[in-house]
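This report looks at a few local features of one protein chain. Keep the sequence and the structure in view while reading.

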Amino acid sequence: MKLDELIEYLQYDDLINFKDVEISGISYNSKTTKKGDIFICLVGEHTDGHRYAQMAVDNGAAAILAQEKVEGIKVPQVIVDSTRHKIADIADRFYSSPSKGINLIGITGTNGKTTVTHLIQKIFEENEQKCALIGTLGYKLSSNSEYRDAKHTTPQAPELQATLRMIKDVEKIDNVVMEVSSHALEQNRVGGCRFNCAILTNLTQDHLDYHITMDNYFKAKSILFEKLTQDDFAVINLDDNYGDKFKSVIPEGVKTYTYGVKNDADIVAKDIQFSINGAEFTLVIEGCEYFVNLHMNGMFSVYNVLAAITASVAMGIDVKIAIKALENVQGVAGRFEVVNKKPLVIVDYAHTPDGLENVLKSAREITPADGKLICLFGCGGDRDATKRPKMGAIAQNLADKIVITSDNPRSEDPQQIITDIIAGLHSVDPDKVTVEPDRGEAIALLKTIADNKDVIVIAGKGHEDYQILKDKTIHFDDREEARKVFAGSVI
(Lines give C-alpha, C1' and ligand atoms only; values in the text may rest on other atoms or scores of the structure.)
Protein backbone atom coordinates (compact mmCIF):
# COMPACT_ATOMS: atom_id res chain seq x y z
CA MET A 1 0.00 0.00 0.00
CA LYS A 2 1.27 3.47 -0.89
CA LEU A 3 1.86 5.92 1.97
CA ASP A 4 -0.56 8.42 0.46
CA GLU A 5 -3.33 5.81 0.46
CA LEU A 6 -2.47 4.70 3.99
CA ILE A 7 -2.87 8.19 5.47
CA GLU A 8 -5.71 9.31 3.17
CA TYR A 9 -8.24 9.54 6.02
CA LEU A 10 -5.75 10.09 8.85
CA GLN A 11 -5.86 13.34 10.80
CA TYR A 12 -2.26 14.53 10.88
CA ASP A 13 -0.55 17.77 11.80
CA ASP A 14 2.36 17.81 9.36
CA LEU A 15 4.14 15.87 6.62
CA ILE A 16 7.95 16.01 6.47
CA ASN A 17 10.11 14.69 3.60
CA PHE A 18 6.96 13.37 1.98
CA LYS A 19 7.35 10.80 -0.78
CA ASP A 20 4.64 8.37 -1.81
CA VAL A 21 6.65 5.31 -0.78
CA GLU A 22 5.39 1.75 -0.68
CA ILE A 23 4.44 0.51 2.80
CA SER A 24 4.62 -3.24 3.31
CA GLY A 25 4.04 -3.51 7.05
CA ILE A 26 3.59 -1.78 10.41
CA SER A 27 6.15 -1.82 13.21
CA TYR A 28 6.46 -0.25 16.65
CA ASN A 29 9.58 -2.18 17.74
CA SER A 30 12.74 -0.92 16.07
CA LYS A 31 14.50 -4.25 16.63
CA THR A 32 11.98 -6.15 14.53
CA THR A 33 11.34 -3.45 11.91
CA LYS A 34 11.60 -4.78 8.37
CA LYS A 35 12.22 -3.17 5.02
CA GLY A 36 9.18 -1.23 3.85
CA ASP A 37 7.56 -0.89 7.29
CA ILE A 38 6.07 2.30 8.64
CA PHE A 39 7.56 2.69 12.12
CA ILE A 40 5.22 4.03 14.82
CA CYS A 41 6.98 6.06 17.53
CA LEU A 42 4.87 4.97 20.48
CA VAL A 43 5.18 6.94 23.70
CA GLY A 44 4.59 4.69 26.72
CA GLU A 45 5.00 4.61 30.47
CA HIS A 46 8.62 3.45 30.31
CA THR A 47 10.00 4.34 26.88
CA ASP A 48 9.69 6.74 23.95
CA GLY A 49 9.70 5.30 20.43
CA HIS A 50 11.08 8.54 18.98
CA ARG A 51 14.45 7.56 20.47
CA TYR A 52 14.50 4.45 18.29
CA ALA A 53 13.33 5.97 15.01
CA GLN A 54 16.82 6.05 13.50
CA MET A 55 17.37 2.40 14.38
CA ALA A 56 14.07 1.56 12.69
CA VAL A 57 15.14 3.47 9.56
CA ASP A 58 18.50 1.68 9.60
CA ASN A 59 16.56 -1.60 9.66
CA GLY A 60 14.55 -0.60 6.59
CA ALA A 61 11.60 1.55 7.73
CA ALA A 62 10.21 3.41 4.71
CA ALA A 63 8.39 6.04 6.81
CA ILE A 64 7.68 6.95 10.40
CA LEU A 65 4.62 8.09 12.32
CA ALA A 66 5.66 10.47 15.09
CA GLN A 67 4.32 13.08 17.50
CA GLU A 68 7.17 15.45 16.74
CA LYS A 69 9.81 15.83 14.07
CA VAL A 70 12.73 13.47 14.50
CA GLU A 71 15.92 15.24 13.46
CA GLY A 72 18.23 13.51 11.01
CA ILE A 73 15.56 11.18 9.61
CA LYS A 74 15.51 11.23 5.81
CA VAL A 75 12.41 9.11 5.21
CA PRO A 76 8.88 10.58 5.21
CA GLN A 77 7.58 11.60 8.63
CA VAL A 78 3.86 11.82 9.37
CA ILE A 79 3.30 13.99 12.47
CA VAL A 80 0.17 13.32 14.55
CA ASP A 81 -1.11 14.38 17.96
CA SER A 82 -0.96 10.86 19.47
CA THR A 83 0.84 7.90 17.91
CA ARG A 84 -0.74 5.61 20.53
CA HIS A 85 -4.19 6.46 19.19
CA LYS A 86 -3.35 6.82 15.52
CA ILE A 87 -1.63 3.43 15.28
CA ALA A 88 -5.12 1.89 15.35
CA ASP A 89 -6.26 4.04 12.41
CA ILE A 90 -3.13 3.09 10.47
CA ALA A 91 -3.61 -0.62 11.22
CA ASP A 92 -7.31 -0.56 10.33
CA ARG A 93 -6.56 1.15 7.02
CA PHE A 94 -3.59 -1.10 6.17
CA TYR A 95 -5.65 -4.27 6.69
CA SER A 96 -8.72 -2.83 4.92
CA SER A 97 -11.05 -2.66 7.94
CA PRO A 98 -11.52 -6.41 8.48
CA SER A 99 -14.01 -6.00 11.35
CA LYS A 100 -16.59 -4.51 8.98
CA GLY A 101 -17.04 -7.93 7.42
CA ILE A 102 -17.27 -9.80 10.72
CA ASN A 103 -19.87 -10.21 13.45
CA LEU A 104 -17.58 -8.87 16.18
CA ILE A 105 -18.62 -9.33 19.82
CA GLY A 106 -16.68 -7.44 22.49
CA ILE A 107 -16.74 -8.44 26.16
CA THR A 108 -15.50 -6.12 28.87
CA GLY A 109 -15.60 -6.17 32.66
CA THR A 110 -13.32 -6.85 35.60
CA ASN A 111 -14.06 -10.55 35.91
CA GLY A 112 -15.53 -13.23 33.67
CA LYS A 113 -14.36 -12.00 30.26
CA THR A 114 -12.36 -15.12 29.40
CA THR A 115 -15.06 -17.54 30.44
CA VAL A 116 -17.83 -15.70 28.60
CA THR A 117 -15.82 -15.64 25.35
CA HIS A 118 -15.41 -19.41 25.58
CA LEU A 119 -19.08 -19.93 26.33
CA ILE A 120 -20.20 -17.82 23.38
CA GLN A 121 -17.81 -19.68 21.08
CA LYS A 122 -19.36 -22.96 22.24
CA ILE A 123 -22.88 -21.65 21.61
CA PHE A 124 -22.03 -20.61 18.05
CA GLU A 125 -20.56 -24.04 17.35
CA GLU A 126 -23.62 -25.79 18.78
CA ASN A 127 -25.58 -23.60 16.35
CA GLU A 128 -23.37 -24.94 13.54
CA GLN A 129 -21.56 -21.63 13.02
CA LYS A 130 -17.83 -21.03 13.16
CA CYS A 131 -16.57 -18.57 15.77
CA ALA A 132 -13.02 -17.44 16.55
CA LEU A 133 -11.93 -16.20 19.97
CA ILE A 134 -9.39 -13.56 20.98
CA GLY A 135 -8.43 -13.11 24.62
CA THR A 136 -6.15 -13.57 27.62
CA LEU A 137 -4.89 -17.00 26.62
CA GLY A 138 -4.24 -16.01 23.00
CA TYR A 139 -6.57 -16.63 20.09
CA LYS A 140 -8.14 -19.80 18.81
CA LEU A 141 -10.10 -20.56 15.67
CA SER A 142 -12.42 -23.11 17.27
CA SER A 143 -13.12 -24.52 20.71
CA ASN A 144 -11.14 -27.66 19.77
CA SER A 145 -8.10 -25.89 18.34
CA GLU A 146 -4.93 -24.93 20.20
CA TYR A 147 -4.30 -21.43 21.43
CA ARG A 148 -1.96 -19.22 19.51
CA ASP A 149 -0.08 -16.89 21.80
CA ALA A 150 -1.08 -13.30 22.52
CA LYS A 151 0.99 -10.77 24.47
CA HIS A 152 -1.96 -8.92 26.00
CA THR A 153 -5.62 -9.56 26.80
CA THR A 154 -6.33 -7.41 23.75
CA PRO A 155 -3.41 -7.36 21.25
CA GLN A 156 -1.85 -4.12 19.96
CA ALA A 157 -3.70 -2.71 16.95
CA PRO A 158 -1.51 -4.06 14.10
CA GLU A 159 -1.55 -7.63 15.46
CA LEU A 160 -5.27 -7.40 16.18
CA GLN A 161 -6.20 -6.15 12.73
CA ALA A 162 -3.90 -8.70 11.06
CA THR A 163 -5.53 -11.46 13.11
CA LEU A 164 -9.03 -10.30 12.18
CA ARG A 165 -8.07 -10.17 8.49
CA MET A 166 -6.63 -13.71 8.70
CA ILE A 167 -9.75 -14.98 10.46
CA LYS A 168 -12.00 -13.46 7.81
CA ASP A 169 -10.05 -14.17 4.61
CA VAL A 170 -7.97 -17.26 5.33
CA GLU A 171 -10.12 -19.16 7.81
CA LYS A 172 -13.47 -17.95 6.39
CA ILE A 173 -14.87 -17.31 9.87
CA ASP A 174 -17.52 -14.61 10.17
CA ASN A 175 -18.01 -14.54 13.97
CA VAL A 176 -15.37 -13.34 16.43
CA VAL A 177 -15.79 -12.99 20.19
CA MET A 178 -13.12 -10.91 21.90
CA GLU A 179 -12.09 -9.84 25.37
CA VAL A 180 -11.67 -6.07 25.46
CA SER A 181 -9.60 -4.76 28.37
CA SER A 182 -9.79 -1.28 29.86
CA HIS A 183 -6.18 -0.68 28.80
CA ALA A 184 -7.03 -1.58 25.20
CA LEU A 185 -9.95 0.84 25.21
CA GLU A 186 -8.02 3.64 26.90
CA GLN A 187 -5.03 3.18 24.57
CA ASN A 188 -7.25 2.78 21.50
CA ARG A 189 -5.86 -0.65 20.63
CA VAL A 190 -9.34 -1.56 19.37
CA GLY A 191 -9.71 1.69 17.44
CA GLY A 192 -11.18 0.95 14.02
CA CYS A 193 -12.93 -2.19 15.26
CA ARG A 194 -16.62 -2.25 14.38
CA PHE A 195 -18.32 -4.08 17.25
CA ASN A 196 -21.80 -5.46 16.62
CA CYS A 197 -22.28 -6.37 20.27
CA ALA A 198 -20.84 -5.11 23.57
CA ILE A 199 -21.21 -7.17 26.75
CA LEU A 200 -20.62 -6.04 30.34
CA THR A 201 -19.81 -8.71 32.91
CA ASN A 202 -19.18 -6.46 35.94
CA LEU A 203 -17.04 -3.59 37.21
CA THR A 204 -15.13 -3.90 40.47
CA GLN A 205 -11.77 -2.63 41.70
CA ASP A 206 -8.81 -3.51 39.51
CA HIS A 207 -6.08 -1.73 37.54
CA LEU A 208 -6.26 1.41 39.71
CA ASP A 209 -2.48 1.60 39.45
CA TYR A 210 -3.20 2.63 35.85
CA HIS A 211 -6.64 4.27 35.96
CA ILE A 212 -6.18 5.84 39.44
CA THR A 213 -9.94 6.16 40.11
CA MET A 214 -12.97 3.94 39.59
CA ASP A 215 -14.54 6.73 37.56
CA ASN A 216 -11.62 6.67 35.12
CA TYR A 217 -11.86 2.88 35.02
CA PHE A 218 -15.56 3.13 34.20
CA LYS A 219 -14.94 5.73 31.49
CA ALA A 220 -12.39 3.48 29.83
CA LYS A 221 -14.77 0.51 29.84
CA SER A 222 -17.69 2.62 28.63
CA ILE A 223 -15.90 3.44 25.35
CA LEU A 224 -16.92 0.02 24.05
CA PHE A 225 -20.60 0.88 24.51
CA GLU A 226 -20.46 4.51 23.40
CA LYS A 227 -19.37 3.48 19.88
CA LEU A 228 -22.33 1.18 19.22
CA THR A 229 -24.78 2.20 16.49
CA GLN A 230 -28.47 1.51 15.87
CA ASP A 231 -27.86 -1.83 14.19
CA ASP A 232 -25.89 -3.10 17.21
CA PHE A 233 -26.89 -4.31 20.65
CA ALA A 234 -25.60 -4.22 24.22
CA VAL A 235 -25.78 -6.82 26.98
CA ILE A 236 -25.66 -5.50 30.55
CA ASN A 237 -25.41 -7.18 33.95
CA LEU A 238 -28.23 -5.39 35.73
CA ASP A 239 -27.11 -6.67 39.14
CA ASP A 240 -23.76 -4.90 38.86
CA ASN A 241 -23.42 -1.62 40.73
CA TYR A 242 -22.41 0.07 37.48
CA GLY A 243 -25.08 -1.60 35.33
CA ASP A 244 -27.40 1.41 35.12
CA LYS A 245 -24.46 3.75 34.56
CA PHE A 246 -23.35 1.69 31.55
CA LYS A 247 -26.89 1.70 30.21
CA SER A 248 -26.85 5.50 30.34
CA VAL A 249 -23.90 5.78 27.92
CA ILE A 250 -25.39 3.50 25.26
CA PRO A 251 -26.46 5.60 22.23
CA GLU A 252 -30.15 6.00 21.60
CA GLY A 253 -31.59 3.33 19.32
CA VAL A 254 -29.14 0.60 20.32
CA LYS A 255 -31.06 -2.46 21.51
CA THR A 256 -30.12 -3.26 25.11
CA TYR A 257 -30.62 -6.63 26.79
CA THR A 258 -30.16 -7.14 30.53
CA TYR A 259 -29.53 -10.16 32.73
CA GLY A 260 -29.39 -10.75 36.46
CA VAL A 261 -30.34 -12.74 39.52
CA LYS A 262 -31.42 -10.06 42.00
CA ASN A 263 -33.06 -7.50 39.72
CA ASP A 264 -35.90 -7.57 37.22
CA ALA A 265 -33.85 -8.11 34.07
CA ASP A 266 -34.80 -9.39 30.62
CA ILE A 267 -33.19 -12.74 31.39
CA VAL A 268 -33.10 -14.02 34.98
CA ALA A 269 -31.77 -17.05 36.87
CA LYS A 270 -33.77 -18.28 39.88
CA ASP A 271 -33.86 -21.31 42.19
CA ILE A 272 -30.07 -21.59 42.03
CA GLN A 273 -28.47 -24.64 43.64
CA PHE A 274 -24.80 -25.66 43.97
CA SER A 275 -23.14 -29.02 44.53
CA ILE A 276 -19.72 -30.51 44.01
CA ASN A 277 -20.87 -31.46 40.49
CA GLY A 278 -21.82 -27.92 39.43
CA ALA A 279 -24.66 -25.40 39.46
CA GLU A 280 -28.29 -25.72 38.42
CA PHE A 281 -31.00 -23.10 38.08
CA THR A 282 -34.17 -22.08 36.30
CA LEU A 283 -33.74 -19.63 33.44
CA VAL A 284 -36.62 -17.20 32.87
CA ILE A 285 -37.02 -15.44 29.51
CA GLU A 286 -40.21 -13.56 28.64
CA GLY A 287 -42.24 -15.70 31.05
CA CYS A 288 -40.84 -19.00 29.73
CA GLU A 289 -38.80 -21.19 32.07
CA TYR A 290 -35.90 -23.51 31.18
CA PHE A 291 -33.95 -25.81 33.50
CA VAL A 292 -30.16 -25.42 33.28
CA ASN A 293 -27.74 -27.99 34.71
CA LEU A 294 -24.07 -26.91 34.55
CA HIS A 295 -20.78 -28.69 35.20
CA MET A 296 -19.39 -25.25 36.13
CA ASN A 297 -19.77 -24.06 39.70
CA GLY A 298 -20.26 -20.88 41.68
CA MET A 299 -22.51 -17.84 41.44
CA PHE A 300 -19.99 -16.16 39.15
CA SER A 301 -20.48 -19.06 36.71
CA VAL A 302 -24.23 -18.43 36.77
CA TYR A 303 -23.60 -14.80 35.82
CA ASN A 304 -21.15 -15.80 33.08
CA VAL A 305 -23.70 -18.22 31.65
CA LEU A 306 -26.42 -15.56 31.80
CA ALA A 307 -24.18 -13.15 29.85
CA ALA A 308 -23.52 -15.76 27.16
CA ILE A 309 -27.17 -16.82 26.88
CA THR A 310 -28.37 -13.20 26.75
CA ALA A 311 -25.94 -12.41 23.94
CA SER A 312 -26.94 -15.50 21.99
CA VAL A 313 -30.65 -14.68 22.35
CA ALA A 314 -29.90 -11.13 21.15
CA MET A 315 -28.22 -12.62 18.08
CA GLY A 316 -31.24 -14.79 17.32
CA ILE A 317 -29.87 -18.14 18.48
CA ASP A 318 -32.47 -20.51 19.94
CA VAL A 319 -32.18 -20.52 23.74
CA LYS A 320 -32.43 -24.33 23.84
CA ILE A 321 -29.37 -24.57 21.61
CA ALA A 322 -27.50 -22.16 23.87
CA ILE A 323 -28.42 -24.14 27.00
CA LYS A 324 -27.38 -27.43 25.41
CA ALA A 325 -23.99 -25.97 24.50
CA LEU A 326 -23.38 -24.63 27.99
CA GLU A 327 -24.47 -27.81 29.76
CA ASN A 328 -21.74 -29.63 27.82
CA VAL A 329 -18.98 -27.22 28.95
CA GLN A 330 -16.72 -28.85 31.54
CA GLY A 331 -15.02 -25.59 32.48
CA VAL A 332 -12.35 -23.10 31.41
CA ALA A 333 -8.67 -23.51 32.19
CA GLY A 334 -7.78 -21.89 35.50
CA ARG A 335 -11.35 -20.82 36.28
CA PHE A 336 -12.63 -22.76 39.29
CA GLU A 337 -10.66 -25.68 37.88
CA VAL A 338 -10.72 -28.81 40.05
CA VAL A 339 -7.29 -30.47 40.11
CA ASN A 340 -7.87 -32.88 43.02
CA LYS A 341 -10.97 -34.41 44.65
CA LYS A 342 -9.91 -35.40 48.20
CA PRO A 343 -9.14 -32.85 49.42
CA LEU A 344 -11.00 -30.81 46.83
CA VAL A 345 -8.39 -28.49 45.29
CA ILE A 346 -9.61 -25.64 43.10
CA VAL A 347 -7.32 -23.38 41.07
CA ASP A 348 -8.76 -20.01 40.06
CA TYR A 349 -7.51 -16.86 38.35
CA ALA A 350 -9.21 -14.59 40.94
CA HIS A 351 -6.81 -11.70 41.53
CA THR A 352 -9.14 -8.87 42.55
CA PRO A 353 -11.12 -8.33 45.77
CA ASP A 354 -14.41 -9.06 44.04
CA GLY A 355 -12.99 -12.07 42.20
CA LEU A 356 -11.57 -13.59 45.37
CA GLU A 357 -14.81 -12.98 47.26
CA ASN A 358 -16.88 -14.65 44.54
CA VAL A 359 -14.64 -17.70 44.36
CA LEU A 360 -14.50 -18.19 48.13
CA LYS A 361 -18.27 -17.81 48.49
CA SER A 362 -18.74 -20.40 45.75
CA ALA A 363 -16.22 -22.73 47.39
CA ARG A 364 -18.00 -22.34 50.74
CA GLU A 365 -21.22 -23.56 49.10
CA ILE A 366 -19.58 -26.94 48.46
CA THR A 367 -17.48 -27.22 51.63
CA PRO A 368 -18.77 -30.04 53.88
CA ALA A 369 -20.09 -29.07 57.30
CA ASP A 370 -17.21 -30.95 58.92
CA GLY A 371 -14.61 -29.61 56.47
CA LYS A 372 -12.49 -26.47 56.35
CA LEU A 373 -12.21 -23.91 53.54
CA ILE A 374 -8.56 -23.05 52.98
CA CYS A 375 -7.40 -20.22 50.73
CA LEU A 376 -3.89 -19.71 49.32
CA PHE A 377 -3.29 -16.44 47.54
CA GLY A 378 -0.95 -13.51 46.96
CA CYS A 379 -1.04 -10.22 45.09
CA GLY A 380 0.87 -9.07 42.02
CA GLY A 381 3.73 -6.62 42.27
CA ASP A 382 3.83 -3.31 40.37
CA ARG A 383 0.04 -3.28 40.39
CA ASP A 384 -2.72 -1.62 42.41
CA ALA A 385 -1.48 -1.89 46.02
CA THR A 386 -4.74 -0.68 47.56
CA LYS A 387 -6.46 -3.99 46.85
CA ARG A 388 -3.93 -6.00 48.90
CA PRO A 389 -5.31 -5.38 52.42
CA LYS A 390 -8.86 -5.71 51.02
CA MET A 391 -8.05 -9.16 49.65
CA GLY A 392 -6.46 -10.10 52.97
CA ALA A 393 -9.62 -9.14 54.84
CA ILE A 394 -11.85 -10.98 52.37
CA ALA A 395 -9.78 -14.17 52.57
CA GLN A 396 -9.74 -14.12 56.38
CA ASN A 397 -13.45 -13.41 56.64
CA LEU A 398 -14.54 -16.11 54.21
CA ALA A 399 -11.99 -18.91 54.70
CA ASP A 400 -11.21 -20.96 57.81
CA LYS A 401 -7.49 -20.88 57.13
CA ILE A 402 -5.39 -18.78 54.78
CA VAL A 403 -1.93 -19.15 53.31
CA ILE A 404 -0.42 -15.86 52.14
CA THR A 405 2.29 -16.13 49.51
CA SER A 406 3.70 -14.51 46.37
CA ASP A 407 1.86 -14.11 43.09
CA ASN A 408 3.88 -12.35 40.37
CA PRO A 409 6.04 -10.04 42.52
CA ARG A 410 7.73 -8.45 39.50
CA SER A 411 10.13 -5.72 40.69
CA GLU A 412 8.64 -5.48 44.20
CA ASP A 413 9.90 -7.19 47.34
CA PRO A 414 7.55 -10.18 47.90
CA GLN A 415 7.71 -9.62 51.65
CA GLN A 416 6.46 -6.04 51.27
CA ILE A 417 3.49 -7.25 49.23
CA ILE A 418 2.71 -9.80 51.93
CA THR A 419 3.00 -7.08 54.58
CA ASP A 420 0.44 -5.02 52.65
CA ILE A 421 -1.93 -8.02 52.60
CA ILE A 422 -1.48 -8.68 56.33
CA ALA A 423 -2.42 -5.05 57.04
CA GLY A 424 -6.00 -6.03 56.17
CA LEU A 425 -6.20 -8.89 58.69
CA HIS A 426 -7.96 -8.37 62.01
CA SER A 427 -5.58 -10.85 63.64
CA VAL A 428 -2.63 -13.04 62.73
CA ASP A 429 -3.46 -16.27 64.52
CA PRO A 430 -0.75 -18.81 63.57
CA ASP A 431 -3.36 -21.58 63.69
CA LYS A 432 -5.33 -19.82 60.97
CA VAL A 433 -2.79 -17.71 59.07
CA THR A 434 0.33 -19.11 57.40
CA VAL A 435 2.87 -16.95 55.58
CA GLU A 436 5.27 -18.46 53.05
CA PRO A 437 6.72 -16.14 50.34
CA ASP A 438 7.83 -19.03 48.11
CA ARG A 439 4.67 -20.02 46.21
CA GLY A 440 5.88 -23.55 45.55
CA GLU A 441 6.68 -24.09 49.23
CA ALA A 442 3.34 -22.53 50.18
CA ILE A 443 1.43 -25.00 48.01
CA ALA A 444 3.47 -27.84 49.50
CA LEU A 445 2.43 -26.71 52.99
CA LEU A 446 -1.21 -27.36 52.07
CA LYS A 447 -0.53 -31.08 52.47
CA THR A 448 0.10 -30.52 56.17
CA ILE A 449 -2.82 -28.12 56.68
CA ALA A 450 -5.66 -29.91 54.87
CA ASP A 451 -7.35 -33.26 55.21
CA ASN A 452 -9.64 -35.10 52.80
CA LYS A 453 -12.82 -33.32 53.89
CA ASP A 454 -11.42 -29.85 53.18
CA VAL A 455 -11.75 -27.55 50.19
CA ILE A 456 -8.67 -25.65 49.05
CA VAL A 457 -8.75 -22.61 46.78
CA ILE A 458 -5.44 -21.64 45.17
CA ALA A 459 -6.14 -18.17 43.81
CA GLY A 460 -4.44 -15.57 41.69
CA LYS A 461 -2.73 -17.24 38.74
CA GLY A 462 -5.21 -19.72 37.33
CA HIS A 463 -4.15 -20.73 33.83
CA GLU A 464 -0.76 -18.99 34.00
CA ASP A 465 2.21 -21.32 33.66
CA TYR A 466 4.83 -18.80 34.69
CA GLN A 467 5.83 -16.56 37.59
CA ILE A 468 7.32 -13.10 37.03
CA LEU A 469 10.12 -12.37 39.49
CA LYS A 470 12.34 -9.31 39.83
CA ASP A 471 15.04 -10.44 37.42
CA LYS A 472 13.48 -13.31 35.48
CA THR A 473 10.36 -15.21 34.55
CA ILE A 474 10.22 -18.87 35.57
CA HIS A 475 7.95 -21.76 34.70
CA PHE A 476 5.33 -22.14 37.41
CA ASP A 477 1.86 -23.63 37.19
CA ASP A 478 -0.40 -23.81 40.27
CA ARG A 479 -2.16 -26.83 38.81
CA GLU A 480 1.06 -28.76 38.28
CA GLU A 481 2.32 -27.88 41.75
CA ALA A 482 -0.94 -28.93 43.42
CA ARG A 483 -1.04 -32.23 41.55
CA LYS A 484 2.53 -32.99 42.66
CA VAL A 485 1.74 -32.15 46.28
CA PHE A 486 -1.41 -34.27 46.35
CA ALA A 487 -0.09 -37.14 44.23
CA GLY A 488 -1.65 -40.32 45.56
CA SER A 489 -4.76 -38.52 46.77
CA VAL A 490 -8.11 -39.11 45.10
CA ILE A 491 -8.11 -37.14 41.83
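Gly 460 counts as buried because its relative accessibility is 4%, where buried means under 20% relative accessible area, exposed over 50% and partly exposed in between (1.4 Å probe, protein chains only). The model is predicted: local features need pLDDT of at least 70, side-chain atom pairs count only at pLDDT 80 or more, and totals for chains, interfaces and linings use all residues. Residues are numbered from 1 along each chain as its sequence is written, and side-chain values use heavy atoms, with hydrogens and water left out.

Gly 460 sits in the loop between strand 21 (455-459) and strand 22 (466-468). Helices (H or I, at least four residues) and strands (E, at least two) are DSSP runs, numbered from the N terminus. Apart from neighbours within four places in sequence, Gly 460 is in contact with residues including Asp 348, Tyr 349 and Arg 439; contact means heavy atoms within 4.5 Å.

Helix 3 (residues 83-94) is mostly covered, with nine of its 12 residues buried. Among them are Ile 87, Ile 90 and Phe 94. The buried residues of helix 3 pack against elements including helix 1 (3-6) and helix 5 (157-169).

A cis peptide bond joins Lys 342 and Pro 343, with omega about -5°. Pro 343 is in the loop between strand 16 (337-340) and strand 17 (344-348).
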